[in-house]
Amino acid sequence: MMKTTETPARHGALACAALCMLLASLGTSIANIALPALTIAFAAPLASVQWVVIAYLAAMTATALLAGRLGDRFGHRNILLAGLALFLVASLACAAATELWALVAARTVQGAAAACLMVLTVAMMRSTVGPQRVGRAMGMLGTMAAVGTALGPSLGGLLLALLPWWSVFAVLVPLAALALLLGWRVLPKGAEAVAGTGFGWVLLRQRQFVLRLVANAVVALVMMTTLIVGPFYLTLGLGLSTAAMGAVMSVGPVISILSGIPSGRLTDAIGAERVTGLGLVAMCAGAGALVMLPGVLGLTGYLLAIAVLTPGYQMFQAANTAGAMAASPADRRGMTSGLLGLARNIGLIGGASVMGVVFATGVGTDELTEATPASIGAGLQLAFGICAVLLAMVLAVGRMKQEARGQEIG
């Protein structure tokens with residue numbers, strides 16, 4: 001009887017978590033497609049309108065730790081529901097903005113709310129599904145993040161073809177309202193509202209956890225590099241049309257969607273440490289393949305490399321997060337998730353900034369439209385060569401840690 005009463009509640013909580021992750025990732029990706037429309041609507045240059053995207057990412061990065069800390073202190077359910085309410089109000093404010101500064105301000109609030117959604121859904125998973133199913137839950141969250149990332153541009157493009165720019169923000173309102181209502185009804189009350197101490201310093205003194213954070217940042221940097229370098233290589237290096245480039249760029253998110261839940265199941269079956277290592281090995285092989293295969297096989301080589309890199313990413317994400325949450329005490333799960341989110345966002349920002357410069361250095365010029373296909377290919381090789389080295393370094397350090405622990409046990 002207990003199983004039949006607990007299962008619907010658990011399914012409802014998982015549905016709420018999935019919707020929260022979808023909302024946060026949609027908020028990241030759906031605004032990008034509206035930038036040209038915003039430059040017209042507000043008669044502003046692209047450099048100013050880009051703050052609509054930057055403000056969201058910056059706020060999400062800056063408040064990830066605070067969201068986790070508040071969740072540990074006042075209860076994960078309470079802060080998650082507050083974040084959903086804030087996301088709903090901020091989405092309304094975005095849609096209603098009549099000045100660019102007001103839209104940027106609303107996006108800042110929306111990004112802070114999104115940090116609550118991403119951090120606290122991860123923090124609640126262990127107590128929601130139990131330790132035996134954490135990997136599957138993390139795989140599901142990874143799948144929903146990939147769905148949101150892939151859905152944002154296509155949904156945004158459809159809305160902009162029919163409605164003004166505000167529609168890309170207004171569409172988030174009913175989704176946030178649904179998640180808020182669902183969370184209010186199904187999330188367990190009174191769970192894990194504890195004082196917590198140390199603001200994560202205890203966690204940061206654990207070498208294994210620090211290695212997880214570094215690996216999280218490196219992996220995020222690599223994946224952002226694919227999003228930054230890929231469009232330039234496909235259009236300027238291979239001569240694909242914009243439409244064809246978009247189709248090719250969608251392959252990675254589709255693979256992420258398909259491989260997320262299997263990665264989580266594998267984590268539960270053979271353990272987080274093994275799957276983390278397998279994911280890093282696959283990513284390192286994929287990055288190396290991006291250095292070698294496109295120059296020989298062109299588009300086919302690029303797609304083959306992405307087909308190796310992306311499942312590796314999902315394996316790593318599911319296993320690394322599950323392992324970190326399993327090792328975290330109940331009163332620090334919010335902080336643990338916040339630190340993982342902070343590391344991920346730092347990696348994304350690094351990929352967008354540093355690796356963009358690395359790619360341009362490999363090309364040999366900042367005027368990429370004037371570069372030859374061979375030069376664009378050289379930029380691709382340099383960028384992903386560095387990515388492969390970084391991943392190999394993380395693997396090597398992790399291997400040394402495992403050998404050291406084995407010697408201590410022996």
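Phe 232 counts as partly exposed, at 34% relative accessibility. In the terms used here, buried means under 20% relative accessible area, exposed means over 50%, and partly exposed lies in between, with a 1.4 Å probe and protein chains only. The model is predicted, so local features need pLDDT of at least 70 and side-chain atom pairs count only at pLDDT 80 or more, while totals for chains, interfaces and linings use all residues. Residues are numbered from 1 along each chain as its sequence is written, and side-chain values use heavy atoms, with hydrogens and water left out.

A pair of aromatic rings is described by the distance of the centres and the angle of the planes. Rings of Phe, Tyr and Trp (its six-membered ring) pair if their centres lie within 6.5 Å; planes under 30 degrees apart count as stacked, over 60 as edge-to-face and the rest as tilted. The structure holds 4 aromatic pairs. One of them is edge-to-face: Trp 165 and Phe 169, 6.2 Å centre to centre with 75 degrees between the planes. Both residues are buried, Trp 165 with a relative accessible area of 12% and Phe 169 at 0%. The pair of Phe 232 and Phe 359 is tilted, because the ring centres are 6.0 Å apart and the planes are at 35 degrees. Phe 232 belongs to helix α11 (residues 207–237) and Phe 359 to helix α16 (residues 333–363), so this pair ties together parts that are 127 residues apart in sequence. Helices (H or I, at least four residues) and strands (E, at least two) are DSSP runs, numbered from the N terminus. Elsewhere, ring pairs join Phe 42, Trp 165 and Phe 169 into a cluster.

Rings also take part in another arrangement, with charged side chains. A charge sits over a ring if NZ of Lys or CZ of Arg is within 6 Å of the ring centre and within 35 degrees of the ring normal. Arg 73 has its charged end over the ring of Phe 74, 5.1 Å from the centre. Arg 77 lies over the face of Trp 184, at 5.3 Å from the ring centre.

The next topic is the interior. In soluble globular proteins, nonpolar side chains tend to be buried together. A nonpolar core is a set of buried Ala, Val, Leu, Ile, Met, Phe, Trp, Tyr and Cys residues joined through side-chain atoms within 4.5 Å. The largest one here has 49 residues, of which Leu 23, Phe 87, Met 138 and Leu 141 touch the most other members. Two or more residues come from each of α1 (2–29), α4 (51–74), α5 (76–96), α6 (100–129), α7 (134–162), α9 (172–186) and α15 (299–326). The largest share, 13 residues, is given by α6. Contact means heavy atoms within 4.5 Å. Apart from neighbours within four places in sequence, Met 138 is in contact with Val 122, Met 125, Ala 318, Thr 321, Ala 322 and Met 325. Another core, of 38 residues, lies apart from the largest one, and its members include Val 222, Ala 289, Tyr 302 and Ala 388.

Helix α15 is mostly covered, with 20 of its 28 residues buried. From its first C-alpha to its last, α15 reaches 41 Å, close to the 40 Å expected at 1.5 Å a residue; the expected span is 1.5 Å times one less than the number of residues. Ser 256, in helix α13 (residues 251–270), is buried at 7% relative accessibility. Beyond its neighbours within four places in sequence, Ser 256 is in contact with Thr 143, Ala 146, Thr 310, Tyr 313 and Gln 314.

In helix α6 is Val 129, which is buried at 10% relative accessibility. Val 129 and Leu 14 are 115 residues apart along the chain, and their C-alpha atoms are separated by 8.3 Å.

Last come the cysteines. A disulfide is a pair of cysteine sulfur atoms within 2.5 Å, and the structure holds 0 disulfides. Cys 20 is buried, at 0% relative accessibility. Cys 116 is also in no disulfide, and the nearest cysteine sulfur, that of Cys 20, is 10 Å away.
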